[in-house]
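Work through these exercises with the structure open beside you. Try each task before you read its solution.

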Amino acid sequence: MTTSATTPFSTLIRTASHEQHTEAETSTFMGDLLGGRLGVDAYARYTEQLWFVYRALEEGAAALAADPVAGPFIQPELMRTAELERDLAHLRGADWRRTATPLPATAAYAERVADCARTWPAGYVAHHYTRYLGDLSGGQIIRDKAERTWGFARKGDGVRFYVFDGIGNPAAFKRSYRERLDGLGVDDLEKQRVVDECKRAFGLNTAVFRELGEEFPLSA
Ligand code: HEM
């Protein structure tokens, strides 16, 4: 896909990652998890992996708040680290930090996010988009399945990660987010690099699913 001056950037990035989105959505681990075929321990392990990724995303966010490219995307109502910590305390117990470990793929993902946050604000936007817009969309499907499969209270402990209390109208929020993407203050070449980074972000997510799938094989 080539960058077109007439295609809005939000369309470009969505279209470019569409195939990988399907791949992530239909990964064995996600399929088994959402199909109710895995125990709550697999869900907890997945949530733990998310914590490492969001910590990198959100530790990096503070320094980027005033950045002309990434700054407009940094919003407190998106922040997920505190919610993940509450979910993990529920899932694993108060001392969850003692046993939390990143899978190799998770460590690589978090490292890439931290690198972008430190050195490449537009690349950070690619990671920001891949996670938060996904959480606001498909995340809601995951929450619903998790509540029904493992009996969490609706929007309660265990699934708080998927609940954006500060966002009253997710559809409107996503619209304004796409407008910000369309207004990304970089040239076409850099936009193409952001699209490539988004594809890389999807690949990093798929790698985490692959390793989770190896840890939780259905045949076990
Ligand atoms: C089973 C897992 C998943 C389901 C059921 C799911 C489902 C969805 C749905 C229904 C949308 C809304 C599309 C729209 O608004 O037109 C969406 C959007 C999105 N998803 Fe997923 N998704 C899943 C996994 C993922 C993963 C793993 C990622 C990446 C980490 C991701 C990233 C995104 C992004 C970035 C969008 C926004 C696309 C855009 O409008 O620009 N999703 N997803």
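The exercises below concern a predicted model.

**Exercise 1. Describe the fold and the overall size of the chain.**

Solution. 
- Step 1: Count the elements. The chain has 11 helices and zero strands.
- Step 2: Read along the sequence. The pattern is α-α-α-α-α-α-α-α-α-α-α.
- Step 3: Compare the size with the rule. The radius of gyration is 17 Å, close to the 17 Å that the globule rule gives for 220 residues, so the chain is as compact as a globular protein of that length.
- Step 4: Look at the extents. The C-alpha trace spans about 50 × 30 × 30 Å along its principal axes.
- Step 5: Of the 220 residues, 36% are buried. Among contacts with a separation of 6 or more, 80% join residues 24 or more positions apart.

**Exercise 2. Find which residues of helix H1 are buried, and say how they are arranged.**

Solution. 
- Step 1: Locate H1. This helix covers residues 9–16.
- Step 2: Pick out the buried residues. They are Phe9, Ser10, Leu12 and Ile13.
- Step 3: Look down the axis. The buried residues of H1 fall within an arc of 160°, so they line one face of the helix.
- Step 4: Find their partners. The buried residues of H1 pack against H8, H10 (170–182) and H11.

**Exercise 3. Describe the shell around the ligand.**

Solution. 
- Step 1: Count the shell. The ligand is surrounded by 17 residues. The closest are Arg14, Ala24, Gly134, Ser137 and Gly138.
- Step 2: Assign elements. Two or more shell residues come from each of H2 (18–25), H3 (28–34), H8 (121–136), H9 (139–150) and H11 (188–215).
- Step 3: Find the main contributor. H8 has the largest share, five residues.
- Step 4: Sort by class. The shell has eight nonpolar, six polar and three charged residues.

**Exercise 4. Decide whether Asp115, Lys155 and Gly36 are exposed or partly exposed.**

Solution. 
- Step 1: Take Asp115, in helix H7. This residue has 14 other C-beta atoms within 10 Å, so Asp115 is partly exposed. Its C-alpha atom is 9.2 Å from that of Ala56, 59 residues apart along the chain.
- Step 2: Take Lys155, in the loop between H9 and H10. With 13 C-beta neighbours inside 10 Å, Lys155 is partly exposed. Its phi is near 60°, a positive value in a residue other than glycine. Most residues other than glycine have a negative phi.
- Step 3: Take Gly36, in the loop between H3 and H4. Gly36 has 12 other C-beta atoms within 10 Å, so Gly36 is exposed. Gly36 and Arg148 are 112 residues apart in sequence and 8.9 Å apart in space, C-alpha to C-alpha.

Methods:
Residues numbered from 1 in each chain as written. Predicted model: local features only at pLDDT ≥ 70, side-chain atom pairs only at ≥ 80, totals over all residues. Near = placed C-beta within 6 Å. Helix = DSSP H or I, 4+ residues; strand = E, 2+ residues; numbered from the N terminus. Nonpolar A, V, L, I, M, F, W, Y, C, P; charged D, E, K, R; others polar. Rg over C-alpha atoms; globule rule 2.2 N^0.38 Å. Buried ≥ 20, exposed ≤ 12 C-beta atoms within 10 Å, placed from the backbone. Contact = placed C-beta atoms within 7 Å. Arc of directions from axis to C-beta.
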